[in-house]
Amino acid sequence: MYIIAGLGNPTRQYEHTRHNVGFDVISKMSEKYRIPLKEKKHKAVYGSGVIAGQKVLLVQPQTYMNLSGECLAELLNYYKLDPERELLVIYDDISLEPGRIRVRAKGSAGGHNGIKNIIAMTGTQEFARIKIGVGEKPAGYDLADYVLGHFSKEERALVEEAMDDAMLAAEAFLMDDLSSAMNEFNGKR
């Protein structure tokens, strides 16, 4: 079994903000693969099903972004899963322009507080991740205000394409072919 987690913040006020692109990908995957997000346990909303022949949990942590690791550590422990092989995290990245994604097999938090907390709670930074570009904050903007803001119409169209790419990269992860996804998507514009 695998966990595919999209990071974000719960409640309507954060829907479709830059910081919630991870949630948006999970919602799209839920719809595409007909995996309803109806379970509410382990500080998460999630659903279980099959994608690419693999049993998966599609997860939206409900702990707010900066405490995402609490939920994921709880799920990993409950299902006795290894984060280094069975966890994929999808989240926003301000260092990538909208429309781009970056697939990684492991890495540091890179300043992302949600990822910092996952590393702290799981004890490892060796887990797969897909970063979705939301663009760099403009000069003079507060970072929190920027990532909690909404995309322009043009940016949203690019981000929708990036979310489709992220779903394809997630399928590659499930087929144990993350390196192909890295080759295909990391240079794509």
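**Notes on the predicted model**

1. Let's start with Ala 52, which counts as partly exposed because its relative accessibility is 38%, between the 20% and 50% cut-offs. Keep in mind that this is a predicted model. Ala 52 sits in the loop linking strand 3 (44–51) to strand 4 (54–61). Its phi is positive, about 50°, even though the residue is not a glycine.

2. Lys 80 is another non-glycine residue with a positive phi, about 55° here. You'll find Lys 80 in the loop between helix 2 (68–79) and helix 3 (83–86). With 73% relative accessibility, Lys 80 counts as exposed, since the cut-off for that label is over 50%.

3. Have a look at helix 6 too: it runs over residues 153–174, 22 residues in total. From first C-alpha to last it reaches 32 Å, close to the 32 Å expected at 1.5 Å a residue. Just after helix 6 comes Asp 176, with a positive phi of about 60°.

4. On the overall fold, the chain has 7 helices and 7 strands, in the order β-α-β-β-β-α-α-β-β-α-β-α-α-α along the sequence. The radius of gyration is 15 Å, close to the 16 Å that the globule rule gives for 189 residues, so the chain is as compact as a globular protein of that length.

5. Of the 189 residues, 53% are buried. Among contacts between residues at least 6 apart in sequence, 69% join residues at least 24 apart.

6. As for the surface, the accessible area is about 9,000 Å², and carbon and sulfur atoms account for 47% of it. The chain carries 24 positive and 26 negative side chains, with the centres of the two sets 2 Å apart.

Methods
Residues are numbered from 1 along each chain as its sequence is written. This is a predicted model: local features need pLDDT of at least 70, side-chain atom pairs count only at pLDDT 80 or more; totals for chains, interfaces and linings use all residues. Side-chain values use heavy atoms; hydrogens and water are left out. Helices (H or I, at least four residues) and strands (E, at least two) are DSSP runs, numbered from the N terminus. Buried means under 20% relative accessible area, exposed over 50%, partly exposed in between (1.4 Å probe, protein chains only). The expected span of a helix is 1.5 Å times one less than its number of residues. The radius of gyration is taken over C-alpha atoms; the globule rule is 2.2 Å times the number of residues to the power 0.38. Contact means heavy atoms within 4.5 Å. Accessible areas come from the Shrake-Rupley method with a 1.4 Å probe; for residues, only the protein chains shown count as cover. Lys and Arg count as positive and Asp and Glu as negative; His and the chain ends are not counted. The place of a charge is taken as NZ of Lys, CZ of Arg, CG of Asp or CD of Glu.
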